[in-house]
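Colleague: I'd like to learn how to read helices and contacts in a model like this one. Could you walk me through a few features?

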Amino acid sequence: MRLRSARADDFEALFRKEFASLVQALTVVAGDRDAAADAVQEAFLQAYRHWGKVAALESPAGWVRHAAINRIKNQHRGRARLQAALPRLVPPPPTSPTSDERLDVGPMVAELPEQQRAVVALYYLLDQPVGEVARFLGVEESTVRSLLRHGRARLSSMDPREEIEA
Amino acid sequence: MSADVESLDPRDEEVRSVVAAAAAAVPVDVDAEWSRLVARLAAERRRAMAARGAAAAAVVLLLTVGRPVVDVAGTALVRFVTDVFTTTIDGAADAVDDRVAAWSGRDKAHGTIDDDNEYWVEVRKVHEQLNRAVGWSRWDADELDGAAERLEAIASKDPELEDDVRRAADLIRQAQSRARREPASRAHSIIEGIESELRRRG
């Protein structure tokens, strides 16, 4: 299926180049593939509505990535508020499904605690600096550094001292 | 890579490759997602067109009910629609009659013209061509055939308006050569200004 407008050629090329990797990265961040795909879809819709301006930017892909991260961030905060409110409203079920059960990624990453996994993905896959990651999660930068440190320890086979000593 | 002190950790490359491999395992059907996006855009377009169609139908209905003699040149029509929408249905016909009556006295761009003044008649003909070319929801460059030449022929007859007349002619040529509506719309505004000036002079 194609869009009729000639301006859509560049847009389609960007979509086909960036969509999958962005969804994959945000799936690791959010722990939910469908939520990630929706966020990236919305970001591309937004880009298309303003394509005249977005296409003229130095990095249209960067614009889309930023828009998609913002959407996931809003979802994340909404979910956090809901999770905070739910125990006061209804008792938790005996076995509640976690987001990790929807996460179709390698076991090492899937087994990371939710916040740690989000930090690692934002930092390593989406190249977000520590300050941005902290804003995303609504935590202090020191917390992000701590989560990164623990994430590295779990995902790396290397003792950080090995390389320094070598 | 993030420009951050954390990126200096010796385990970075290994961790990055582990996370990238995990992400790559997430299945994504790009073709299906593209189809979904196109369908959403098409739905948006349909909604926008339906809204425009409803607005057009409302205008046609109001024009039919009021049976006004309307010069559908841009601003006058918008004023007409705005005013009529603010009245009740019962009072719509009265409002139309009042508005049409008011136009001839108040709207200097669309009042009567001096048929004996050749300059004025030519400007008016171009105005009518522009109305047909760029009227409401319309764009037909062919309607502008000869308009630029008509303006060039009279331009020098009024030194005070000459620049505006030549500018309008130039915009009409641009609209035709580039097949773009926007220069024609700007020419239309200039021509309305010229007619207002002619009426101001009497």
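Colleague: Which are the buried residues of H7(B)?

Modeller: Some ground rules before that. This is a predicted model, where local features need pLDDT of at least 70 and side-chain atom pairs count only at pLDDT 80 or more, while totals for chains, interfaces and linings use all residues. Residues are numbered from 1 along each chain as its sequence is written, with chains lettered from A and ligands numbered from 1 in the order in which they are written. A residue is buried if 20 or more other C-beta atoms, placed from the backbone, lie within 10 Å of its own, exposed if 12 or fewer, and partly exposed in between. In H7(B), the buried ones are Val165(B), Ala168(B), Ala169(B), Leu171(B), Ile172(B) and Ala175(B).

Colleague: How do I read a spacing like that?

Modeller: An α-helix has 3.6 residues a turn, so residues three or four places apart point the same way. Here, the buried residues of H7(B) fall within an arc of 165 degrees, so they line one face of the helix. That arc is taken from the directions from the helix axis to the C-beta atoms. Turned away from this buried side are the exposed residues Pro159(B), Asp163(B) and Ser177(B).

Colleague: What covers the buried residues of H7(B)?

Modeller: The cover includes H6 and helix H8 (181–201) of chain B. Helices here are DSSP runs (H or I, at least four residues; strands are E, at least two), numbered from the N terminus.

Colleague: And which residues are buried in H6 of chain B?

Modeller: Ala147(B), Ala148(B) and Leu151(B) are the buried ones in that helix, residues 147–155. Their arc is only 95 degrees, which puts them on the same side of H6(B). They pack against H5 (118–134) and H7 (159–177) of chain B, contact meaning that C-beta atoms, placed from the backbone, lie within 7 Å.

Colleague: Now the chains: how many residues does each give to the contact?

Modeller: Interface size is often given as the accessible area lost when the parts come together. Here we have residue counts: 31 from chain B and 40 from chain A. On chain B's side, helix H1 (12–24) and helix H2 (30–66) each give two or more residues, and H1(B) has the largest share, ten residues.

Colleague: Is Leu122(A) buried or exposed?

Modeller: Leu122(A) counts as buried because 28 C-beta neighbours lie inside 10 Å. You'll find Leu122(A) in helix H6 (residues 114–124) of chain A. Leaving out residues up to four places away in sequence, Leu122(A) touches Val29(A), Gln128(A), Val133(A) and Phe136(A).

Note on methods: Two residues are in contact if their C-beta atoms, placed from the backbone, lie within 7 Å.
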